[in-house]
Amino acid sequence: MTRQVPALVATRRHIHAHPELAGAEFETTALVHRRLTEIGLRPRLLPKGNGVICDIGAGDGPLVAFRADLDALPMTDGKDVDYRSTVPGVCHACGHDAHTTILLGLAPLLARLVDRGRLPGRVRLIFQPAEEAVPSGAPEVIEAGGLDEVSSIFAVHCAPQLPVGSVGVRTGPLTAASATLEVRLGGPGGHTARPHLTTDLIDLLGRVAVDLPAQLARRMDPRWPVSVVWGAVHAGVAFNAIPAQGYLRGTVRSLHREAWQDAGEIIAKLVSDLVSGTGADVEVEYVRGFPPVVNDKHATDLISAAAARGLGPENVFEAEVSMGGEDFSYYLERVPGSMIRLGVAPPGATAWCDTHHPGFDIDERSIEYGVRLLAHTALAALGAPPPADTGGAR
């Protein structure tokens, strides 16, 4: 394992410097396909050509899958490093470059085990497009047969809150269900000296922004709390003119699938009630994103034990619930599995940039630890002895 670490770091840096947005991951896909083919594997492209599925091993035994995501975010890279993004306005600020590299590091280890007759089953590597988009790439993978015959599925996600060499595990909900919300208001517009002769849209937008989250909390089952947070508000350009159009945009998040499904209809009714009688035209658009990631207990126990063997039990922690969204949830609705948080912060770091921040980066030693973790997980899921050549605990 140690011998391939410099090459894996170089691969991660190349991907980081050449990011691609959701739906356009063709060069990254070509790199993944080439690397897998070079070690004698037979990867297949997804129908659109921007994702890869690769099976390792043979026979009728269990099939365990691992997922990585390929896409980057539409934001400018704020780091001053040699591998800074070369694509204006596009950046790997969520660690997908590391996720992809970890699976590329896992592939030759598993291939060698096959050659030695030590892989009692099959492993599927899924390099998925469009995790950051809505609609996302997981349903495309599933439609292309990515979960056919799969008995369990696992993934890592970079966690800058945890030091390198450690992991966070959690049974049950790990991330929230998400949806986007847009409220558009319209009216005749007019002079700010005479608001009584028109519809004061900015006042209405303010009322909706403040009152909707509070009202929603009273309309939802209290066992299913829902978070509404606004990210954009716009109306007007002149200080003395009441605008004719305005909008609010934000996100709706919940750890409960039922709340995620029901909130859209309730929000539309609440907005209508809040502006009723004002003369404003109103449109509400609620678009469901991803369901919550809910980790299976058995799968989480398995990857937690694998992490303890590969990294040392003192480096396995309970992960906190995140209100972020992750489309790994689509896989978990079909087969048992677990997502694990992979520590990427330098030891002793007192300040770090969160994911989706222009300055986000990783301690690249996390790549080796991620490979080691997944190798132990694969063999545990297949009922095989732990690997002897991936390194011991730190």
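**A helix pair and its surroundings**

Reply: The protein chain contains 9 helices and 16 strands, in what is a predicted model rather than an experimental one. Taken along the principal axes, the C-alpha atoms of the chain fill a box of roughly 85 × 45 × 45 Å. A compact globule of 394 residues would have a radius of gyration near 21 Å, and the 24 Å found for this chain agrees with that. Of these 394 residues, 52% count as buried, and among the contacts between residues at least 6 apart in sequence, 80% join residues that are at least 24 apart.

Turning now to the helix pair, two packed helices are described by the angle between their axes and the distance between the axes. For helix H7, which covers residues 297-311, and helix H9, which covers residues 365-381, the axes come within 8 Å and cross at roughly 125°. The crossing in which H7 passes H9 is right-handed.

On the H7 side, the contact is made by Leu302, Ile303, Ala306, Ala307, Arg309, Gly310 and Leu311, while H9 contributes Tyr369, Arg372, Leu373, His376, Thr377, Ala380 and Ala381. Sorted by class, the residues in this contact between H7 and H9 are 9 nonpolar, 3 polar and 2 charged.

Within this contact, Ala307 deserves a separate look. Ala307 belongs to helix H7, and because its relative accessibility is 0%, Ala307 counts as buried. Once its neighbours within four places in sequence are left aside, Ala307 is in contact with Val167, Gly312, Val316, Ile340 and Leu373. Of these partners, Leu373 is also one of the H9 residues that make the contact with H7, whereas Ile340 lies 33 residues from Ala307 along the chain, with 9.6 Å between the C-alpha atoms of the two.

Not counting residues up to four places away in sequence, Ser329 touches Phe290, Pro291, Pro292 and Val293.

Definitions and conventions: Residues numbered from 1 in each chain as written. Predicted model: local features only at pLDDT ≥ 70, side-chain atom pairs only at ≥ 80, totals over all residues. Heavy atoms only, no water. Axes fitted to C-alpha atoms, helices over the stretch in contact; angles between N-to-C directions. Helix = DSSP H or I, 4+ residues; strand = E, 2+ residues; numbered from the N terminus. Left-handed = near helix turned anticlockwise from the far one by under 90°. Contact = heavy atoms within 4.5 Å. Nonpolar A, V, L, I, M, F, W, Y, C, P; charged D, E, K, R; others polar. Rg over C-alpha atoms; globule rule 2.2 N^0.38 Å. Buried < 20%, exposed > 50% of the residue type's maximum accessible area, 1.4 Å probe, protein only.
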